[in-house]
Amino acid sequence: MPSKYPEFQGRPIRSIYKMQPAPVHSVMLVRTQEEALRYPTGTIDLGFCEDNGFVVNLEFDHTLQHYCDECEETQGFSPTFTKFHEGLARQVIDRFDLNGKKLIEIGCGKGDFLNMLCEFGGNSGIGFDPAYRADRDPYKNDQVQFFTELYSAEHTKHAADFICCKMTLEHIPDVVAFVSMVRQSIPDGHDCTVFFQIPELRRVLTDVAFWDIYYEHCSYFTKGSLARVFRAAGFHVDDLWTDYDDQYLMIAASPAKPGEERAPLPQEESIEELTAEVDTFTQRVEQRLGEWRQWITDSHAQGKKTVLWGGGSKAVAFLTTLGIRDEIQYAVDVNPHKEGTWIVGTGQQVVGPAFLADYEPQQVVVMNPVYREEIAADLKKLGLDPELVMVDHTFSRQS
């Protein structure tokens, strides 16, 4: 098996989903349509390990990745997400007694979550992310320090009472080695909680959510497979849960002593359950793709103007997987930093909501249904009442 996935050595694995060409980045700001159309691509070949439940992109090449301050991953311009994010920060502070503590966030993005943890709980923190930008940081907290680089072994010298890592582990191929590195940063006997958040795979499988499969995400997890990673890396799994309409999978873990073991948690699914869901996904995915292609083709033939709401990774995966270009011309995003940029691979322009007042679309494909009410309210303010089409339920439309 590929050396980049040592946890697969000698284990049964099979391909369950292939897609190419896939843009190697989906959150990079691209300034011209020409650049978007010739953006570098790779191959997605998802492999499922029937022994440990891991799902990974067997064709992932980390050398094609270049994280920098032109990555625009933040969701913080959405009131819906901001409410969730602030609530999560307060829950984490209360649950893990984070008051006056030292914190580390790996993959901190623009620093919003770490800043909230430190401001709400009177903590100090260190964040690591090449995409962090000081000019975008409204907090300016002198108790928070940021490194614009990837977290690595040299950073394990930084001690902390709490380590969090949100929406980052899915970008890493050798996850056991990475989580083990985090474990090695915690001195024996030190009381430290580790909190990770990643996309949840079972929802992708049951909803046949091909728009949530893209090149940067080389590793995919369920409660069971994520727990096995942390145990293999020397942690006790204290809790597993989902949030944000079950889109996000959370894990709380603590260092285990050598030889100390605990039973799996009740919420961890069995390999048999996961295998059945994988099989259902593979049986349904081509039909799902065909239905969406037909719906978009028919809408275009009828002269209907259709836009996507959401100009991030989901839009990139949705459009490139379906091969949609001229049928949909625009993707809408509330993040002003994305306005005037272009969707990589297919070349749609990203516009702000105000653009729709003159464009007047008849149909809006909502790339994440959790934002439905927010989107409907924004459209109403513009005097628009297009048909809203939820991406997760083919032909289940609400207006």
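Helix α2 (residues 79-95) and helix α3 (residues 112-121) have axes that come within 9 Å and cross at roughly 50 degrees. That makes α2 oblique to α3, a class left over once angles under 35 degrees (roughly parallel), over 145 (roughly antiparallel) and 65 to 115 (roughly perpendicular) are set aside. Axes are lines fitted to C-alpha atoms over the stretch in contact, with angles from 0 to 180 degrees between N-to-C directions. Helices are DSSP runs of H or I, at least four residues, numbered from the N terminus.

This is a predicted model, in which local features need pLDDT of at least 70, side-chain atom pairs need 80 or more, and totals for chains, interfaces and linings use all residues. Residues are numbered from 1 along each chain, and side-chain values use heavy atoms, without hydrogens or water.

The crossing of α2 past α3 is right-handed: the near helix is turned clockwise from the far one by less than a right angle. From α2, H85, E86, L88, A89, R90, V92 and I93 meet D112, F113, M116, L117, F120 and G121 of α3. Contact here means heavy atoms within 4.5 Å. Eight of these residues are nonpolar, two polar and three charged.

Now turn to the second largest pocket. Its volume is about 230 Å³. Of its 13 lining residues, T74, G76, F77, D112 and P138 are the closest to the centre. Lining residues have an atom within 4 Å of a pocket point. Both α2 and α3 supply at least two residues of this lining. The largest share, four residues, comes from α2. By type, the lining holds five nonpolar, four polar and four charged residues.

Methods:
Ala, Val, Leu, Ile, Met, Phe, Trp, Tyr, Cys and Pro count as nonpolar, Asp, Glu, Lys and Arg as charged, and the others, Gly among them, as polar. On a 1 Å grid over the protein atoms alone, a cavity is a set of points where a 1.4 Å probe fits but cannot get out, and a pocket is an open set with protein on both sides within 12 Å along at least five of seven lines; lining residues have an atom within 4 Å of a point. Grid points are joined across faces, edges and corners, and a volume is the space filled by probe spheres set on the points.
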